[in-house]
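I opened the notebook for a new entry and wanted to record what I looked up, entry by entry. The sequence and the structure come before my notes.

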Amino acid sequence: MVGKQQLSFLRDTDGEETKAKVEKHFAKYRMYMLTVPDELMPKITQTYSLVPPSNTNTFHSTTESIAIERVDFELKRDTFIERTHQAVNRLSMRERELITKSYMTHEDVYDYDVYNEMGVSETTYYRIREKAFYKLAFSLQLVVYKDEEAPNK
């Protein structure tokens, strides 16, 4: 009974859209690992304003506002990276190796480089990757379900 429910559950997912979301997630992961936007960097020059100071405990300084935005960004980034690492660590050893080598490096790599380095065939590589993508999609809540109105096969 449980096996039939699992198969039905997987059939209800949109594989291509789910895969696209996982790949997009790893593209975002790479960007978070490499960059901090310049607009979040504090300005060195002073900005003058004719607005009198107030005692409302709100920030009017652009440097303070940018510092708060940067801390918020860094917290969001760090949380995103930690969630990704936790999800990848839940994968099997081969799945984790494939995902790490394919999506979590600073360089762009080709699939054939990874499956040759892993010592598996191209078919096995794509089968392992598909399984890993589904596990990551569920773990990271990236699963895309098919439309309810679509005809059932």
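**A loop residue, S92**

I began with S92, which counts as partly exposed because its relative accessibility is 32%. I noted that this is a predicted model, and that S92 sits in the loop between helix 3 and helix 4. I then looked up its separation from K135: the two are 43 residues apart in sequence, while their C-alpha atoms are 10.0 Å apart in space.

My next entry concerned S102, which I located in helix 4, the helix that runs over residues 93-103. Is S102 buried or exposed? I found a relative accessibility of 7%, so S102 counts as buried, given that the cut-off for buried is under 20%. Setting aside residues up to four places away in sequence, I listed R30, V109, V114 and Y125 as the residues that S102 touches. With Y125 there is also a polar contact between the side chains, at 3.1 Å.

**Salt bridges**

How many salt bridges does the structure hold? I recorded 6 of them, and I kept in mind that side chains of opposite charge can pair when their charged atoms come close.

I looked at the pair D108 and R30, a salt bridge in which the closest N and O atoms are 2.9 Å apart. D108 belongs to the loop between helix 4 and helix 5 (111-118), whereas R30 belongs to helix 2 (residues 15-34), so this pair ties together parts that are 78 residues apart in sequence. I checked both partners for accessibility: D108 counts as exposed because its value is 66%, whereas R30, at 17%, counts as buried. R30 had already come up in my S102 entry, as one of the residues that S102 touches.

I then turned to R129 and D111, which form a salt bridge with their closest N and O atoms 3.7 Å apart. This pair links distant parts of the chain, R129 being in helix 6 (residues 122-139) and D111 in helix 5, at a separation of 18 residues. For R129 I noted a relative accessibility of 10%, so R129 counts as buried, while D111, at 25%, counts as partly exposed.

For R77 and D78 I wrote down a salt bridge between the side chains, with an N to O distance of 3.3 Å. R77 is buried, with a relative accessible area of 13%, and D78 counts as partly exposed because its relative accessibility is 43%.

I also came across a network of salt bridges, in which E97, K101 and E117 are linked.

**The nonpolar core**

Which residues of the largest nonpolar core touch the most other members? Of its 27 residues, I found these to be F26, V88, I99, M104 and L136. I then asked where the members come from, and noted that helix 2, helix 3 (62-89), helix 4, helix 5 and helix 6 each supply at least two residues of this core. The largest share, 6 residues, is that of helix 6.

I finished with L136 and listed its contacts, leaving aside neighbours within four places in sequence: F26, A87, V88, L91, I99 and Q141.

Technical notes: Residues are numbered from 1 along each chain as its sequence is written. This is a predicted model: local features need pLDDT of at least 70, side-chain atom pairs count only at pLDDT 80 or more; totals for chains, interfaces and linings use all residues. Side-chain values use heavy atoms; hydrogens and water are left out. Helices (H or I, at least four residues) and strands (E, at least two) are DSSP runs, numbered from the N terminus. Buried means under 20% relative accessible area, exposed over 50%, partly exposed in between (1.4 Å probe, protein chains only). A polar contact is a pair of N or O atoms within 3.5 Å; within protein, one must be able to donate a hydrogen and the other to accept it, and residues adjacent in sequence count only if both atoms are side-chain atoms. Contact means heavy atoms within 4.5 Å. A salt bridge is a side-chain nitrogen of Lys or Arg within 4 Å of a carboxyl oxygen of Asp or Glu. A nonpolar core is a set of buried Ala, Val, Leu, Ile, Met, Phe, Trp, Tyr and Cys residues joined through side-chain atoms within 4.5 Å.
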